[in-house]
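Thanks for coming. Please bring up the sequence and the structure, and we will go through a few residues one at a time.

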Amino acid sequence: MSLSALIDLHRPLMVGEMAVVEYELSVPDARGLDHYGQYLLRRVSEALVWVRFHPDAAPPHCEVFQDAGSGEQVTRVHLAGTHEAHHRLSGFGPGFVGVRWSW
């Protein structure tokens, strides 16, 4: 499954301005899905990727990753009885940031 979206603001931001964009994606049948990520076309002051799993189907292995062109950086996430993982970055981009998991 692949999904692409372009978030186009109604006008360019002025220096020092900020836009907060939040969206939710619900996947009714996530079999075969093993990651979620965002590609940021430009540098952003802050980015957050947050994945919530069904409480009865949290994966045993989860990690967050980022790649701004100089190689992927990966950090293992311990869900520790929860069913969500998130990754927050400051001053990142352009590049890819995401969460992936394995069963």
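In which strand does H87 lie? H87 is in strand β5. Before going further, note that this is a predicted model.

Is H87 buried or exposed? With a relative accessibility of 13%, H87 counts as buried, because the cut-off for buried is under 20%. Now look for V49. Along the sequence, H87 and V49 are 38 residues apart, yet their C-alpha atoms are 5.3 Å apart in space. V49 is also one of the residues that H87 contacts once neighbours within four places in sequence are left aside.

As a general point, nonpolar side chains in soluble globular proteins tend to be buried together. Here, the largest nonpolar core has 15 residues, and C62 and V99 touch the most other members. At least two residues of this core come from each of β2, β3, β5 and β6. If we again skip neighbours within four places in sequence, C62 is in contact with F53, R76, V77, L79, A85, V99, R100 and W101.

Two names in that list, F53 and W101, bring us to the aromatic rings. How many aromatic pairs does the structure hold? It holds two. F53 and W101 make an edge-to-face pair, with 5.0 Å from centre to centre and 85° between the planes. F53 sits in the loop between β2 and β3, while W101 is in strand β6, so this pair ties together parts that are 48 residues apart in sequence. F53 is buried at 10% relative accessible area, and W101 is buried at 9%.

The other pair is F65 with F96, and that one is stacked: the centres are 5.6 Å apart and the planes are at 25°. F65 belongs to strand β3 and F96 to strand β6, so the pair ties together parts 31 residues apart in sequence. F65 is buried, with a relative accessible area of 4%, whereas F96 is partly exposed at 28%.

Last, the surface. Which residues make the nonpolar surface patch of about 530 Å²? They are I7, L9, L13, V21, Y23 and L25. Take L13 as an example: its place is in the segment before β1. L13 has a relative accessible area of 40%, so it is partly exposed.

That is all I have; questions are welcome.

Notes. Residues are numbered from 1 along each chain as its sequence is written. This is a predicted model: local features need pLDDT of at least 70, side-chain atom pairs count only at pLDDT 80 or more; totals for chains, interfaces and linings use all residues. Side-chain values use heavy atoms; hydrogens and water are left out. Patches are made of residues with over 30% relative accessible area and no salt bridge: like charges are joined within 9 Å, nonpolar side chains (Val, Leu, Ile, Met, Phe, Trp, Tyr) within 5 Å. Accessible areas come from the Shrake-Rupley method with a 1.4 Å probe; for residues, only the protein chains shown count as cover. A salt bridge is a side-chain nitrogen of Lys or Arg within 4 Å of a carboxyl oxygen of Asp or Glu. Helices (H or I, at least four residues) and strands (E, at least two) are DSSP runs, numbered from the N terminus. Buried means under 20% relative accessible area, exposed over 50%, partly exposed in between (1.4 Å probe, protein chains only). A nonpolar core is a set of buried Ala, Val, Leu, Ile, Met, Phe, Trp, Tyr and Cys residues joined through side-chain atoms within 4.5 Å. Contact means heavy atoms within 4.5 Å. Rings of Phe, Tyr and Trp (its six-membered ring) pair if their centres lie within 6.5 Å; planes under 30 degrees apart count as stacked, over 60 as edge-to-face and the rest as tilted.
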